[in-house]
Every structure is written in structure tokens, then in C-alpha cells.
Amino acid sequence: MAAGDVAGGKTVAAQRQAWLVFEDEAGQTLRPPKARTWGRRGHTPVVPVTGKGSGRVSIAGLTCYRPGRRSRFIYRTIMHPGRKNERRSFSERDYIALLDAAHQQLDGPIVCVWDNLNTHVSAAMRQMIDARDWLTVIRLPAYAPDLNPTEAVWSHLKRRIGNLAVTGVDHLQAIIKNRLKSIQYRHDLLDGFLAHTGLTLEPNTT
């Protein structure tokens with residue numbers, strides 16, 4: 001797995017007729033994101049949130065692009081009930097399982113662009129990537145979330161679950177899956193997320 005930039009990723013994807021896939025992860029606890037809403041003048045709306053229970057939902061997502069094909073969004077969630085000493089994030093095997101599933105769904109080679117998270121660059125991950133001849137990984141420059149369209153997916157999701165009070169982590173996971181599933185059918189939205197980064201699918205020729 002070599003470091004590189006997104007322009008290089010586009011060139012490799014074009015040469016291999018591969019999908020250009022941007023990966024990112026997010027998480028949500030039982031405390032809902034704050035969002036604007038309507039209310040009577042002088043009466044601030046209040047959303048009651050229970051202090052009982054704990055938990056978190058981790059999400060890893062892939063926005064997938066290829067010239068001449070509809071954009072795709074593929075994701076996985078992991079529910080963390082809040083047990084003592086449990087892992088609260090995706091492991092190397094979780095990430096590679098997501099990429100394996102994407103390879104099956106997209107039916108083609110993948111150029112994956114992601115950040116420098118320690119799990120992405122570990123020795124175990126490098127071995128898993130090297131074992132898959134259909135997978136090429138490009139690392140984003142440091143501190144460049146604006147180049148990743150999957151970041152826009154999380155922003156869109158946070159707005160859609162803003163001020164939402166849930167009864168527990170299983171309820172939270174069900175709602176997140178419902179919202180993300182609706183994004184999967186919005187190819188225009190996914191294209192807009194890519195356009196917002198300023199990137200295009202055409203490789204640089206200079």
C-alpha cells in the first residue's frame with residue numbers, strides 16, 4: 001500500500017477500469033446531534049433525552065464512482081452496547097470485509113481512497129490488501145476531509161437525525177440504517193457529494 005494523492009487514484013482507476021471508492025467512518029451515540037427546528041416565538045423547543053443506558057453505533061461507508069455507471073453507496077454498521085472492554089471501532093478485518101462485499105457488489109476492481117487512520121495503515125491491513133489483486137489503496141493527504149465525498153454522507157445523515165430522541169442503541173442503529181438506505185437510492189445526491197469536493201472522474205492527462 002503506497003501513499004499517493006487522489007489524482008493518482010483517478011489515473012489508476014481509469015487504467016484498470018476500476019471503481020474509485022472513497023472510504024470513511026463515523027459514529028453516533030444516544031445523544032442526538034443538534035439541529036434547527038421550528039417553534040413558537042419565545043418558546044425554545046426542547047427534545048427530552050433519557051440519561052439511561054449507553055452505547056454507540058459505528059459506521060463505515062464507501063461512496064463508489066465509475067464513469068458510465070451509477071454512483072453507489074455501500075456501508076456497514078457495528079453496534080456497541082457499552083460493555084466493559086469492548087472494542088468501539090472497526091477493526092482491520094471489519095474494513096476488509098466491507099471492501100470484499102463491495103468487490104462482490106460492484107463486480108470489478110477497486111481503487112480505495114482513505115485517510116491515515118492507524119487501522120488503515122497497520123501491518124495486518126497491508127497484508128490483507130496485498131492478498132487482493134483487485135484492490136489498490138491510495139491514502140489521502142493529511143487533514144484533507146474536504147477531498148472525501150463520504151464525509152458529506154455523514155453531514156447529511158447528522159442533519160436527518162438531528163434532535164431525534166431514541167430509546168436505546170438498537171433503536172439508534174435501526175434509524176441510522178433506514179436513513180443510510182434512503183441515501184443509497186439517491187444517485188444524484190451521491191454525485192453531488194463528489195462534485196462538492198471539486199473532484200471529477202476524469203484522470204489528469206498532463
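Predicted model: local features only at pLDDT ≥ 70, side-chain atom pairs only at ≥ 80, totals over all residues.
Together with Phe22, Phe73 and Leu180, Trp154 touches the most other members of the largest nonpolar core, a set of 33 residues.

**The strands around E3**
- Strand E3 runs over residues 56–65 and is mostly covered, with nine of its ten residues buried.
- On one side, E3 pairs with strand E2 (residues 19–29) in the antiparallel sense, over ten bridges. Here valine 21 sits opposite cysteine 64 of E3.
- E3 also pairs with strand E4 (residues 72–80), again antiparallel, this time over nine bridges. In this pairing valine 57 faces methionine 79 of E4.
- E3 and E4 make a hairpin with six residues between them, and glycine 68 in the turn has a positive phi of about 85°.

- Quite a few elements give two or more residues to the 33-residue core: helix H1 (6–16), E2, E3, E4, strand E5 (110–114), helix H4 (149–160), helix H5 (169–184) and helix H6 (187–196).
- H5 provides the largest share of this core, with six residues.
- Another core, of 22 residues, lies apart from it; among its members are Ile129, Trp134, Leu135 and Val137.

**Helix H4**
- H4 has twelve residues and spans 17 Å from its first C-alpha to its last, close to the 16 Å expected at 1.5 Å a residue.
- At the start of H4, a side-chain oxygen of asparagine 148 comes within 3.0 Å of the backbone nitrogen of threonine 150.
- The buried residues of H4 are Pro149, Thr150, Ala152, Val153, Trp154, His156 and Leu157, and they pack against E2, E3, E4, H5 and H6.

**Tryptophan 154 and its aromatic partners**
- Leaving aside residues up to four places away in sequence, tryptophan 154 touches Asp24, Glu25, Ala26, Ile59, Ala60, Gly61, Phe73 and Leu180.
- The structure has five aromatic pairs. One of them joins phenylalanine 73 and tryptophan 154 edge-to-face, at 6.4 Å centre to centre and 75° between the planes.
- Phenylalanine 73 belongs to strand E4 and tryptophan 154 to helix H4, so their pair ties together parts that lie 81 residues apart in sequence.
- Phenylalanine 73 counts as buried because its relative accessibility is 3%, below the 20% cut-off.
- Phe73 and Trp154 share one aromatic cluster with Tyr75.

How values were computed: Residues numbered from 1 in each chain as written. Heavy atoms only, no water. Buried < 20%, exposed > 50% of the residue type's maximum accessible area, 1.4 Å probe, protein only. Helix = DSSP H or I, 4+ residues; strand = E, 2+ residues; numbered from the N terminus. Pairing = 2+ DSSP bridges. Core = buried A, V, L, I, M, F, W, Y, C linked by side-chain atoms within 4.5 Å. Contact = heavy atoms within 4.5 Å. Expected span 1.5 Å × (residues − 1). Polar contact = N/O pair within 3.5 Å; in protein donor to acceptor, adjacent residues only side chain to side chain. Phe/Tyr/Trp six-rings, centres within 6.5 Å; stacked < 30°, edge-to-face > 60°.
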